[in-house]
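Subject: Structure handover

Hi,

Here is the structure for you to look at. My notes follow below it.

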Amino acid sequence: MEKFRIRGGRRLRGEVRISGAKNAALPCLAATLLTSEPVDLYGLPRVRDIITMEKVLAALGESCEQHDGVTRAIAGRGDAFHAPYELVRTMRASVLVLGPLLARRRRARVALPGGCAIGARPVDFHLQALARLGADLRVESGDVVGEAPQGLRGAEIDFPRVTVTGTENLLMAAALARGRTILRNCALEPEVTDLAQLLTAMGARIVGIATSTIEVEGVDALRGAAHTIVPDRIEAGTYVIAAVLAGAGVKISGCRPDQLGALLAVLREVGVSLSVLADTIEVPEQAVPPRAASLVTAEYPGFATDLQAQFLTLATQAEGTSAITEAIFENRFQHVLELKRLGASIEVEGRTAQVHGPTPLDGAAVMASDLRASASLVLAGLVAKGDTVVDRIYHLDRGYEAMEIKLNGLGAEIERFNPGPYL
Ligand code: EPZ
């Protein structure tokens, strides 16, 4: 199993370019099932989750060809409708094919996503809403089986709680449903907006994009389109935090600073100096360590839960005690025990982690548990004394494109290695 060996203490300097957003690329790939015409997607990040989604689409008879940075996806007139468990269990976002399959092929069999390290993460809101559009859904041998022989029809839907992929699934389903669908309490995440922009380019009729109430007037068919995936705000935020922690002048370019408002506000509040240009965030070497922060994760535009683990690592080097509350997922502090192995001083009480700093970190062997926790361990390794070995970095590869290459390009010293089958 591949690991990272990170030599701590190296200062980062120079420029790092941000890739396309994994969490926008996934729904955009699923949306290609909504038409028989080719859809060209630019800027898909080459990360494991994207490769998995392409395999799911292949299992549904779709072709995805990459050339010169463009992925051309052609679902054609296939009628396959089964997304197999072997693939779905490795990536719960496969549930995003449910809406498009029901909308266009009127049938779907998608493995019910299992549990996940960060929480139960049910998909009940997706299923309840799709049933309101007229899908007949049941769970059979661990699969969600759905039929809509008459096609889907528009309905009014109030999400009980903001759900990113739930909003995305319903946007795609409603695009081909007969009549008008009104979605209320929609997620405002930029990745949802990016999907809505692709659907509009494909001919969908959507009003209220980037607001919490979205109206969709179903159409008979959608056409092919070309679309550039929005830059990854979570990758960008991760490198901003790396630059504050270990930087001696770092530029994070090709990003959308306007989508990082909550993170930049907290950083400025605790004394971090940084400047923002059109598509670049410049972080100079910090003259003093940041002060401690108190924050609560929230749906966009609040502080992203996907940046909580990375910020918690920063908090170990801040002056004072930070209070970091995870309000979105019930079990998203797996990184805390690993950071404590490096010497961090943290107590978790319910959903809040109290982080005391600054605490010098000592390199050690640690284990990644989920995508963003693994990023927080890499960041800790950058500032720990000596070597830190992060195991199970396949978690990292799910959502960060060539992280060690990007960080080594800034002056880090990270080696990816595989110690062999017995270690
Ligand atoms: C998306 O997950 C992201 N994944 C997650 O990023 C991100 O952490 C999350 O949104 C929150 O921002 C993708 O976009 C592929 P939710 P999603 O539905 O859609 C509960 C990463 O690191 N809920 O907004 O699955 C749920 O349990 C990943 O890139 C239900 O109860 O999240 C959670 O507590 C991790 N029933 C809350 O709502 C449902 O039917 C928000 O979940 C759906 C959700």
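For the residue classes used here, Ala, Val, Leu, Ile, Met, Phe, Trp, Tyr, Cys and Pro count as nonpolar, Asp, Glu, Lys and Arg as charged, and the others, Gly among them, as polar. Please note that this is a predicted model.

The ligand first. By those classes, the shell around the ligand splits into 9 nonpolar, 7 charged and 5 polar residues. There are 21 residues around the ligand in total, and Asp-124, Phe-125, Thr-163, Thr-165 and Asp-306 come nearest.

- Thr-165, with a distance of 2.6 Å
- Lys-22, through an N or O atom at 3.1 Å
- Arg-161, with a distance of 3.4 Å

The protein buries 89% of the 830 Å² that the ligand exposes when taken alone.

Which helices each supply at least two residues of the shell? They are H1 (22-31), H5 (124-132), H6 (164-175) and H12 (371-383). H5 gives the largest share, with 3 residues.

S2 and S15 (residues 247-253) run parallel, joined by 5 bridges. Within S15, Ser-253 is the bridge partner of Arg-17.

Best regards

Notes: Residues are numbered from 1 along each chain as its sequence is written. This is a predicted model: local features need pLDDT of at least 70, side-chain atom pairs count only at pLDDT 80 or more; totals for chains, interfaces and linings use all residues. Side-chain values use heavy atoms; hydrogens and water are left out. A residue is near a molecule or strand if one of its heavy atoms lies within 4 Å of it. A polar contact is a pair of N or O atoms within 3.5 Å; within protein, one must be able to donate a hydrogen and the other to accept it, and residues adjacent in sequence count only if both atoms are side-chain atoms. Accessible areas come from the Shrake-Rupley method with a 1.4 Å probe; for residues, only the protein chains shown count as cover. Helices (H or I, at least four residues) and strands (E, at least two) are DSSP runs, numbered from the N terminus. Two strands pair if DSSP finds at least two bridges between them.
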